[in-house]
Structures are given as structure tokens and as C-alpha cells.
Amino acid sequence: SEPCANSGICSDDVDEYSCRCTRGWSGENCGENVDECASSPCLHGQCSDLVAAYSCECLLGWNGENCEVNIDECASRPCGNSTFGSCLDHVANYTCNCARGWAGYDCDQTLPIHVELQIEVEQFDPTAFVKDVAELLHLSSAERIVVDSVLPGSAIVTFHVEGQGAI
């Protein structure tokens with residue numbers, strides 16, 4: 001009979017034998033599966049032992065054969081395409097440092113601009129205001145000024161520019 005399991009090679013000696021096990025097997029008769037996960041090869045993930053191999057299921061934010069590569073969440077340029085903010089990569093996440101005038105998690109929202117006018121609010125002409133500010137800011141035809149509020153009895157107009165957030 002063949003005492004060596006799993007294709008192990010038997011060496012027959014006088015009153016004894018020995019087995020030379022194939023890769024992935026160990027033990028006196030090559031019946032024990034070697035645990036390739038025992039050395040913890042998956043740096044940031046869960047190891048699954050196979051016969052003569054292992055596989056890693058990586059945690060969120062990691063990849064690579066041994067889950068050793070931190071995925072760069074900034075590679076897709078999420079912070080306003082890097083025009084409206086800078087990106088700081090974290091494990092499975094990122095944060096944006098928005099440029100002046102921009103807000104939102106991805107720097108995709110314009111902040112309201114507060115302007116103090118040198119005129120009385122009763123004389124405020126929204127059409128002229130929009131035209132003058134659009135020329136002053138050199139806005140494209142895809143961008144437009146939206147007046148958010150005019151505080152009665154004051155000279156404060158709050159507005160924002162639509163279209164700048166489109167990337």
C-alpha cells in the first residue's frame with residue numbers, strides 16, 4: 001500500500017519509510033495541508049488558506065496581492081479636478097482643501113460673495129448689477145450671477161455664481 005497521501009513520494013527503507021511531500025502538504029504521511037496564512041501574508045486584509053497557495057480579501061482602501069497597496073482616492077482628482085482644491089489621500093477616504101471661494105466635500109460649490117454697494121437699496125437694479133458683476137469677474141456664458149438676497153435698509157447684496165462648479 002502507498003502510505004504517502006496527496007501525491008507524496010515514498011522512500012522505503014528496512015522496517016520504515018519516509019514521505020517527501022508535494023508543495024502545500026506536510027506531516028509524516030503528507031496528510032496535513034500547510035497553512036500558507038500562518039505567516040500573515042495579507043497586510044491589510046483577510047487571508048484564505050488554499051492548497052499550496054492563499055488568497056487575500058483586502059480591506060476597503062487597499063489592494064495588491066498581499067493588500068499592501070493603499071488605493072489613492074485622490075487619483076480621480078475629486079477636489080474640483082484639482083482646480084478648486086487640493087486633495088489629501090487617506091486610507092479608503094480623502095479630504096479636500098478648497099481654494100478660496102469654493103466649498104463642499106469635493107470643492108464643487110461656490111461660496112456666496114458678499115458685496116457692499118455704494119448705493120441705496122431702494123435704487124438697486126438687479127439687471128444692471130448682474131451685468132456689471134459678470135463683466136467684472138470675466139464670467140463665461142455658462143456662468144451666471146444669481147442674487148440671493150438684498151437686505152432692506154442696507155447696502156448689502158449677497159449673490160453667487162452658477163456654473164463655476166461644473167467640472
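Strands are taken here as DSSP runs of at least two residues, numbered from the N terminus. In these terms, Cys 107 of the predicted model is found in the loop between β11 (102-103) and β12 (109-110). The backbone of Cys 107 has a positive phi of about 55°, although the residue is not a glycine. Because residues under 20% relative accessible area are classed as buried, Cys 107, at 0% relative accessibility, falls in the buried class.

A positive phi also occurs in the hairpin that β5 and β6 form. Strand β5 (residues 45-50) and strand β6 (residues 53-58) pair in the antiparallel sense, and six bridges are found between them. Within this pairing, Ser 48 has Ser 55 of β6 as its bridge partner. Two residues lie between the strands of the hairpin, and Ala 52 is found in this loop between β5 and β6. The phi of Ala 52 is near 60°, a positive value in a residue other than glycine. With a relative accessibility of 15%, Ala 52 counts as buried, since the cut-off for that class is under 20% relative accessible area.

A further hairpin is formed by β9 and β10, with two residues between them. Strand β9 (residues 85-90) runs antiparallel to strand β10 (residues 93-98), and the two are joined by six bridges. His 90 is bridged to Asn 93, its partner in β10. In the turn of this hairpin, Ala 92 has a positive phi of about 60°.

Asn 66 lies in the loop between β7 (62-63) and β8 (69-70). The C-alpha atom of Asn 66 is separated by 8.9 Å from that of Cys 47, the two residues being 19 residues apart along the chain. Asn 66 has a relative accessibility of 22% and therefore counts as partly exposed, a class that spans the range between the buried limit of 20% and the exposed limit of 50%.

Phe 129 lies in helix α1 (residues 126-136). The relative accessibility of Phe 129 is 8%, so that this residue counts as buried. Val 161, in turn, is found in strand β15 (residues 156-162). The C-alpha atoms of Val 161 and Thr 110 are separated by 6.9 Å, and these residues are 51 residues apart along the chain. Val 161 counts as buried because its relative accessibility is 5%.

As regards surface charge, Asp 12, Asp 13, Asp 15 and Glu 16 form a negative surface patch. Glu 16 is placed in strand β2 (residues 16-20). The relative accessible area of Glu 16 is 49%, and this residue is therefore partly exposed, given that the exposed class requires over 50%.

How values were computed: Residues numbered from 1 in each chain as written. Predicted model: local features only at pLDDT ≥ 70, side-chain atom pairs only at ≥ 80, totals over all residues. Heavy atoms only, no water. Pairing = 2+ DSSP bridges. Helix = DSSP H or I, 4+ residues; strand = E, 2+ residues; numbered from the N terminus. Patch = residues over 30% accessible without salt bridge, like charges linked within 9 Å, V, L, I, M, F, W, Y side chains within 5 Å. Areas by Shrake-Rupley, 256 points an atom, 1.4 Å probe, with all protein chains shown as cover. Salt bridge = Lys/Arg side-chain N within 4 Å of Asp/Glu carboxyl O. Lys, Arg positive; Asp, Glu negative; His and termini not counted. Charge placed at Lys NZ, Arg CZ, Asp CG, Glu CD. Buried < 20%, exposed > 50% of the residue type's maximum accessible area, 1.4 Å probe, protein only.
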